[in-house]
Amino acid sequence: MIEITLEVNGVTKTLSVEPRRLLADVLRQEFNLCGVHIGCAHGACGCCTVHQDGTPRLSCLTFAVQCDGASIRTVESLGGPTAEHSLQQAFRSEHGLQCGYCTPGFLMTLVPFVDEMVEIGRRPDDEEIREAMSGNICRCTGYHGIVAAVRKAIDDGLGEGSVA
Amino acid sequence: MRPATFEYHRATSLEHALQLLGEFGEEARPIAGGQSLVPMMNFRLARPGHLVDINRLPLNAIEIVGSMLRIGALTRHGAYFDHPLIARHFPAFLDAVHYIGHPTIRRNGSIGGSISHADPTAELPAVAVLHDADIVVRSAAEERRIKASEFFVSAYVTALEPGEMVVAVEFPIPPAASAGSFVEMSERSGDFATASVGIVLEHEGGRIAKAAMVCSGAGLVPIRAPDVESHLLNRALNDPHAEEAGRIFAASIDPVDDHIASAAYRRSLIAELTRRAIETACSRALGRS
Amino acid sequence: MKAGRPRHIGARVQRFEDIRLLSGSARYIDDVRLPDMLHLMFVRSDTAHARIRSVDTSALSDLEFPTWVFTGKDTAGLSMKAHQDYPEMQYSEQPLLAEDRVRFVGEPVAVVLAEDAYKAEDAAEHIFVDYEPLPVVGTMEQARDAAIPPLFDGWKSNVIVQRQMKGGDLEAAKAAAAHVVKRTYRTQRQAGVPMEGRGVVARYDHSDRVLTVWSSTQMPHLVRTYISEELGLPESRIRVVAPDVGGGFGVKGQVYADEVLIAWVAMKTGRPVKWIEDRREHLIASIHARDHEHTLEAYVSADGRLLGLKADITVDNGAYSTFPFTSAGEPGMVGKVLPGPYDFHAYEATFRAVATNKCAIGTYRGVARPSAVFSQERLMDDIATELGMDPFEFRLKNIIREFPYRNVLGFTYDAGSYAESLERMRKLLAEDVAQAAASHGSRTKRIGVGIACFIEQTAHGTPDFTRRRVPIETGYIAARVEMSPDGEVTIDLGLQNHGQGLETTMAQVAADALGVQPENVYVRHGDTLTTPYSVGTWGSRGGPLGGGAVHIAASRIADKLRAIAAHLLQARPDEIELADGLASVRDNPGRHIKISRLARIALRNVDQLPEGMAPGLEAQFSLDGPRDGTYSNAVHAAVVEIDVPTGKMKLRRFVVIEDCGTILNPLVVDGQVRGGVVQGIGSAMFEHFIYDGECQPLTTSFADYLMPLAPEIPNIEVHHIETPTPLTPLGAKGLGEGGAIGPAAAIANAVSNALGVNVSATPLNGNAIWNLSRHLRDAS
């Protein structure tokens, strides 16, 4: 067992963990963050994506011990229990989710992409949006609504009359 | 699908990492991004007794050292996209990076990890073989430089000895009058390649002065094409006989036949990708791209 | 509809369940955690066909933590039984744990439990099974070879069942035919793969004798019934809960041996038990789908009229029969639906399921129809080509135009928009057809356009299952609606919601009937403790039957509200309108009373009720499907672009025109269609579950089993025609599966059009397209 300290969504805990514990399991079991979903446990579906020090990372390919001292963000941190984040709202209005299982992983993958586009003032074409989500599998929506949601969140972020 | 038990060691310096790897020998594996190793561990296909975490070591520089571009083992794939040295000197490398996995994998996977994993269809091993790169490996006792063509022994098998790890990959910087390209075919974007082909060429007076070609997907390691390389010598950039080169390359290989693709399909793909890679590189050399 | 003009049905209402799903507040099966819980790990066969010589568990005692282990000897006599009562059918039972013989790689042989999932996996590595390999039955051909011994003792052959369906005079049709077109079509083995795998948690309370089972299932009541029958417990003391379910697609629309087994283990150990399926287990051992071969022979007149169709259908079922649709379900469905939307009068189908050493075939979105429509619609194009006719022309010449239509097998189709949707699609594709034709001189880049025209029998009623003698037995959906004293509404729904938007659409239906807002309606589902007995969510029945049941139950409450309002407002009940939270007198909207006030009177201030009226505001209704179901129809179109030298195919366009009758919520309908289409694109181009010659599975991870990713998929264009059916209360037809039915056929037809070749099999991956375009490369 190894002692580590994690700051997750603003909560800091020091835990004693077995080295082989996946970050996904520690977030789910020790931090009670059920929004972290495991879809494949081999890094091929994106369901378990979280942010480690601001960067999207697959929590099924990460050992919690590797994250000692790191800052982790999960879907619960985005818009709270009523899902107020603009990308969450766009997912809802554009029907970017159905069963919801892959959804936290898509959100955590795409929030930095949307933020970056808004920051540099660019509206990406659908091909680029699709590439940004190419590591995430959704089996329900056919991606159509997710692409529309990303488009909308970027549009909302840029506001009217911004750069094309 | 959870890993077997192992002991975890966080290396605080390169020397510390090498000491740990030396101490535990075959039982130990370094871990960087974990994008290849951890899936194998979750399936329990890999079960190292000791993991040496090298993520906090300062091994992520991309720098010119003498006549070489040295890329630290921990450099993440995403770092190449905006890197001026890669864009300027290594167009085939830059092409290849676009085919690696997906954004999250590119942000976390490292060159040392990809090279050490030695997946027969992975992009960076092919690029290393294409460029005659040196794989710089260290153990507690010594540093070795292994030619990429000798580093990859078989699928997932390398020349690394117990106690050694890759610390950098060094690419000879091509002369100014050079060009390259890398093309790949896979079922879906980001998948491992069904086949891929890369080329770098040097040119003089509108003609090819030197060429290197590589393909992956045809064998257990990336394969160079000496026959094609000599075929291309002195060809005009605007008429490089690319199709013929493709035929020569395809005839020289004996691709695997498996549930993903037939040998005949792979051979045909390599012929066509060879043609496309040569034409793109020549076109770039002519400044048309 | 009695409630007057709908206000909420048909509106693009954003889904209520989304808040929970988007915020990370949803709770799926792996989120069920109980004190003292044990984690279960399966030991599964790594051999496709073998006798079990021994199962050695002695090494478990070397472990430093406690374990519990059970083998087939412990569960002897417990099994999954899924039979149809036909004399032609050979019965197979899957033991909960294999006792003396394994029949596919992945079959459970033992279970081991520990107090942690990681440790349970460690423990499983300490169990050693000694197998004596037996020859495998690996292909349809081997299964039909009488010389190869059957997989089950007492069987005569490996043909599980072979039957026939026929109608009309096929010999006469053949005699009258100017053209006979015979083709064989093959659709590959696939897996449904919801993003959440399956999982089961069970707890047995010995003092109350109550068994609680949480399962990621589409059919909690059927799980309860099967467990009750197999373990001998009263259904009253079994509670099955389906929590949030991360996709089902039919994969979770079966009762599995593990659901029964884990309940049994919880009873045996006295501890709560949890099993979360991992992805490899899911791929090799949940259920597979498709794996069909159809040989069709069409008889066509000189002027292009379809006179008759003969079909020979084989499904590679794998080893066992799944509950409740059985191994006869898949081939029987093909035989039943092949007549499709076309008007012809002679038909004969011979269909069979054969047993091989593979994972069982079960229901996956579309159930047999993606394969049936692939063959049917490839055949239509092949006939059109042979006759030199345009594919639209040929279809329009044979399409059914008058309704109700009684087909060659005696099934009655309610009204649809078959010809209209074909005509509309032809207009939408005109430019693509021209571009395709212009590309057909090229030897390097080809464009192709293909369509698939099909109908889908949805919301089948009990008679359909009785005819098939299938253990599902019935198809009704129940809803209980209750208004509380504050005027808020609760629906306890027999459907299980796993992405279909039922928490929203059912609220829309109730809101219209009761004159409240959808936000005032809370939909609960998935728990046998609170919901009325139903068959669950499958077979495209949620909208038509669930919606219908909610509508009828809510309307009964509305009738009572009107009666109370009439009494208080001194009007006749039929003069009362319920809308916007008010009960008003028609033509005199000034006279009104709040619906919430009526609710309070009905439940608390009952002294104000009309004399003799009983208190209470609740109603329950169970709605069975129509005898022959109700038929949705659609036309799908694919426009493909093929890079001939590499076989790389790009979808330029995918267009759907669909008719599912009354649309409850267009947001949800479009989402269901698009999601289904992309699964169908997966079937057409990428997904293939592959076994080698020894029946070892080769595609056991997401690196090998390739589902569509976003970059390969275009935006999916969806157009609607609404032909409400008189057969369901709201005029709705089913639509959950339709999206997945057409793409394989449409894409294959597009490839055929692009390359000018017959396309007889899927998946159309790079290698397949390269094989099909050889003639273009060889000539160049």
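1. In chain C, C:M483 has C:V489 of β22(C) as its bridge partner. The two strands concerned, β21 (residues 477-483) and β22 (residues 489-493) of chain C, pair in the antiparallel sense over five bridges. Pairing here requires that DSSP find at least two bridges between two strands; strands (E, at least two residues) and helices (H or I, at least four) are DSSP runs, numbered from the N terminus.

2. The model is predicted, with local features requiring pLDDT of at least 70 and side-chain atom pairs counted only at pLDDT 80 or more, whereas totals for chains, interfaces and linings use all residues. Residues are numbered from 1 along each chain as its sequence is written, and chains are lettered from A and ligands numbered from 1 in the order in which they are written. For chain C the mean pLDDT (the predictor's confidence in each residue, from 0 to 100) is 97, and 99% of its residues reach 70 or more. The complex receives an ipTM of 0.98 and a pTM of 0.98 from the predictor.

3. An open sheet of four strands in chain C runs in the order β23-β22-β21-β27, with mixed pairing. From one strand to the next, the twist averages 15 degrees. Helix α15 (residues 542-569) of chain C packs on this sheet, where β21, β22 and β27 of chain C are touched, and its direction makes about 35 degrees with that of β21(C). Axes are lines fitted to C-alpha atoms, for helices over the stretch in contact, with angles from 0 to 180 degrees between N-to-C directions.

4. The contact between chains C and A takes 42 residues from chain C and 46 residues from chain A; residues are in contact if their C-beta atoms, placed from the backbone, lie within 7 Å. On the chain C side, α1 (18-23) and α17 (666-685) each supply at least two residues, and α17(C) gives the most, with six. By class, that side has 21 nonpolar, twelve polar and nine charged residues. Nonpolar covers Ala, Val, Leu, Ile, Met, Phe, Trp, Tyr, Cys and Pro, charged covers Asp, Glu, Lys and Arg, and the others, Gly among them, are polar.

5. Chain A is divided into domain 1 (2-74) and domain 2 (80-158), with bounds from an automatic or database domain assignment. Their centres, taken over C-alpha atoms, are separated by 22 Å.

Note on methods: Two residues are in contact if their C-beta atoms, placed from the backbone, lie within 7 Å.
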